[in-house]
Amino acid sequence: MGFVDLIINPTPFNLVLRLLGGDMTAKGALVAQPFPPFVQKYPDIISRIKATGAFNSSAHEEPNHIIMNEYLPGQGIMPHEDGPRYHPVVTTLSLGSHAVFHYYQYQKDDEIGAVTRGIGKTINTTPVSSILLEPRSLVISSGTMYTTHLHGIEEVEEDVISPKTDMPGVVLSNLDRLRDPLIKSLIERGTPLKRGVRYSLTCRDVERVSSISVLSRH
Ligand SMILES: O=C(O)CCC(=O)C(=O)O
Ligand SMILES: [Fe+2]
């Protein structure tokens, strides 16, 4: 079985993805399946995420569901909310290439140019925060970043990052916390960061677990 063996098409985002931990019912309950060994044995992603404390107040005190996405250069994910099926904490593990996560807010009704189209809400396209997702990093989104903001990744082949205020490019909220020496030196020199293939593991706790059980496929 390959790393990515399930293609759901069309998805809202058109990404190749694989669900680990089970499928969701239409009503948002998890029909749980055991995780494959790499999730809980080696490198034991779940225990390491649990140790961050991010899920201390969630129903199962750890993620029980993981979405694996594969992004080729030029692919992204449109701004969206993750919604109420999950405990409002999401941990995003990035493998392979970097990417940039933008957090957005809905346009406030009183803002100039705000338009309400039917029941849809308009998104303010200027991000409130942008985070460089480094290879092998875990980013935790919680609080209002989960409950009232949207998040997305732009469909670009390279990211232009601003090394200092007043310099062109994306202004990162985590510029001072970057660890990857190559990424840091490229940003300092004003060199765009070329995207490669990125795999992400989006780990969340589905609060409702269905009593229907499914035999393991692994
Ligand atoms: O793949 C990512 O890093 C983001 C995925 C995401 O936002 C989602 O699955 O809800
Ligand atoms: Fe998401």
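Visitor: Which conventions apply to the numbering and the values?
Guide: Residues are numbered from 1 along each chain as its sequence is written, while chains are lettered from A and ligands numbered from 1 in the order in which they are written. Because this is a predicted model, local features need pLDDT of at least 70, side-chain atom pairs count only at pLDDT 80 or more, and totals for chains, interfaces and linings use all residues, with side-chain values resting on heavy atoms, hydrogens and water being left out.

Visitor: What are the protein donors of the iron ion (ligand 2)?
Guide: Donors are N, O and S atoms within 2.8 Å of the metal (3.2 Å for Na, K and Ca), and as water is not among the atoms, sites may look incomplete. The protein donors lie 2.0 to 2.2 Å from the iron ion (ligand 2), and they are H80 (NE2), D82 (OD) and H151 (NE2).

Visitor: What spacing do the donors of the iron ion (ligand 2) follow along the chain, and which parts does the pair H80 and H151 tie together?
Guide: Along the chain the donors follow the spacing H-x1-D-x68-H. Strands here are DSSP runs of E of at least two residues and helices are runs of H or I of at least four, both numbered from the N terminus. Since H80 belongs to strand β5 (residues 77–80) and H151 to strand β10 (residues 150–153), the pair ties together parts that are 71 residues apart in sequence.

Visitor: Are H80 and H151 buried or exposed?
Guide: Relative accessible area decides the matter, with buried meaning under 20%, exposed over 50% and partly exposed in between (1.4 Å probe, protein chains only). By that rule H80 and H151 are both buried.

Visitor: Which residues come nearest to ligand 1?
Guide: A residue is near a molecule or strand if one of its heavy atoms lies within 4 Å of it. Of the 13 residues around ligand 1, those that come nearest are Y71, H80, H151, R198 and S200.

Visitor: Which strand gives the most to the shell around ligand 1?
Guide: At least two residues of the shell come from each of β4 (65–71), β5, β10 and β13 (198–204). With four residues, the strand that gives the most is β13.

Visitor: How much of ligand 1 does the protein bury, and which side chains have polar atoms close to its oxygen atoms?
Guide: For polar contacts, the cut-off for a pair of N or O atoms is 3.5 Å; within protein, one must be able to donate a hydrogen and the other to accept it, and residues adjacent in sequence count only if both atoms are side-chain atoms. Polar side-chain atoms of D82 and of H151 each lie 3.1 Å from an oxygen atom of ligand 1, and an N or O atom in the side chain of R204 is 3.4 Å from an oxygen atom of this ligand. Taken alone, ligand 1 exposes 290 Å² (Shrake-Rupley method, 1.4 Å probe), and the share of that buried by the protein is 96%.

Visitor: Where does Y71 lie, and which side chain does a polar contact join to that of Y71?
Guide: Y71 lies in strand β4 and counts as buried at 5% relative accessibility. The C-alpha atom of Y71 is separated by 9.5 Å from that of E155, 84 residues apart along the chain. The polar contact of 3.4 Å joins the side chain of Y71 to that of N69.

Visitor: What angle lies between the planes of the aromatic pair F101 and Y103?
Guide: Rings of Phe, Tyr and Trp (its six-membered ring) pair if their centres lie within 6.5 Å, and planes under 30 degrees apart count as stacked, over 60 as edge-to-face and the rest as tilted. The structure holds one such pair, in which F101 is buried at 6% relative accessibility and Y103 is buried at 4%. The pair is tilted, with 5.7 Å centre to centre and an angle between the planes of 55°.

Visitor: Which residues join in a cis peptide bond, and what is omega there?
Guide: P43 lies in the loop between α1 (37–40) and α2, a loop that also holds D44, whose phi is positive, near 50°. The cis peptide bond joins Y42 and P43, with omega about 10°.

Visitor: Is R136 buried or exposed?
Guide: R136 lies in the loop between β8 (129–133) and β9 (138–142) and has a positive phi near 70°, though not a glycine. With a relative accessible area of 74%, R136 is exposed.
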